[in-house]
Amino acid sequence: DNHEFNISASIGISVFPDNADNFSDLMKYGNMAMYYVKQRGKNDYFFYQDELGERISYNTFIINQIRKALEEKQFKLQYQPIVNLKTGEVGAFETLLRWHNPVKGYISPMEYIPLIEETGQIIDVTSYVLRMVIEQKSLWNKKGFTGFRVGVNISNKSLVKCGLDKELEGILREYDVSPREIVLEVTETVFADNISYCVDSLLRVDRLGIQMALDDFGTGYSSLAMLRSLPIKYIK
């Protein structure tokens, strides 16, 4: 009907008998190679390699272990001090997530954060971290360690989900922690897809009294003009 279509091809290739000697496995490995092409930007071809299968198996293991890690509290938090260079005082802490798996041992965040972002499990992990941080801040307050803020990295998916402000409000009330003691850190990539919705979510959190920090500023999407529309307290 006089319409023109530009079609690309993502091709995964498995070789008989080097990769497998039966139809089922050849198709499976070919599919793995094809999806690898799609992840790299599509419109290309790739020959299956054993390393690819090992990486996919490892990624599958990680994804399947996340739920168990949350249930068994395998995730731990470390707190990195932010020091005032003029006074030498610690004014805040930044929260770092660490995972020690019973089978694999220490697993770097670079290995699992992108995966759980992709699967959506990052929302549950973020909720877990928020509760642990606010609980820890409450314990510090009760021991007399006050006067500092704690920063928490918030995932893009968690920021745009409905009810983040209500979730935070409930946890803060439960542990009797002031919103002013918590800083949520977001990366500027959060504004790439749906800036209007993200700004609305940030404003709802800001109205609670929680301060916001913009991480990795200047590496991607943000501009100085954009900062005028954002309730950002700190730029990193």
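The model is a predicted one. Its largest pocket has a volume of about 640 Å³, and the second largest pocket has a volume of about 340 Å³.

**Largest pocket**

- The lining of the largest pocket is made up of 25 residues.
- Nearest the centre of the largest pocket lie Pro109, Ile113, Ile122, Asn153 and Ile154.
- At least two lining residues of the largest pocket come from each of strand S4 (90-101), helix H3 (109-119), helix H4 (122-142), strand S6 (149-153) and strand S7 (182-187).
- Among the contributors to the lining of the largest pocket, S4 gives the most, with 5 residues.
- Sorted by class, the lining of the largest pocket comprises 12 nonpolar, 7 polar and 6 charged residues.

**Second largest pocket**

- The second largest pocket, with a volume of about 340 Å³, is lined by 14 residues.
- Gln39, Ile56, Asn59, Leu115 and Glu118 are the lining residues closest to the centre of the second largest pocket.
- Helix H1 (23-39), helix H2 (50-71) and H3 each contribute at least two residues to the lining of the second largest pocket.
- H2 provides the largest share of the lining of the second largest pocket, namely 6 residues.
- By class, 7 nonpolar, 5 polar and 2 charged residues form the lining of the second largest pocket.

**Element lining both pockets**

- Helix H3 (109-119) supplies at least two residues to the lining of the largest pocket, and H3 also supplies at least two residues to the lining of the second largest pocket.

Terms used. Residues are numbered from 1 along each chain as its sequence is written. This is a predicted model: local features need pLDDT of at least 70, side-chain atom pairs count only at pLDDT 80 or more; totals for chains, interfaces and linings use all residues. Side-chain values use heavy atoms; hydrogens and water are left out. On a 1 Å grid over the protein atoms alone, a cavity is a set of points where a 1.4 Å probe fits but cannot get out, and a pocket is an open set with protein on both sides within 12 Å along at least five of seven lines; lining residues have an atom within 4 Å of a point. Grid points are joined across faces, edges and corners, and a volume is the space filled by probe spheres set on the points. Helices (H or I, at least four residues) and strands (E, at least two) are DSSP runs, numbered from the N terminus. Ala, Val, Leu, Ile, Met, Phe, Trp, Tyr, Cys and Pro count as nonpolar, Asp, Glu, Lys and Arg as charged, and the others, Gly among them, as polar.
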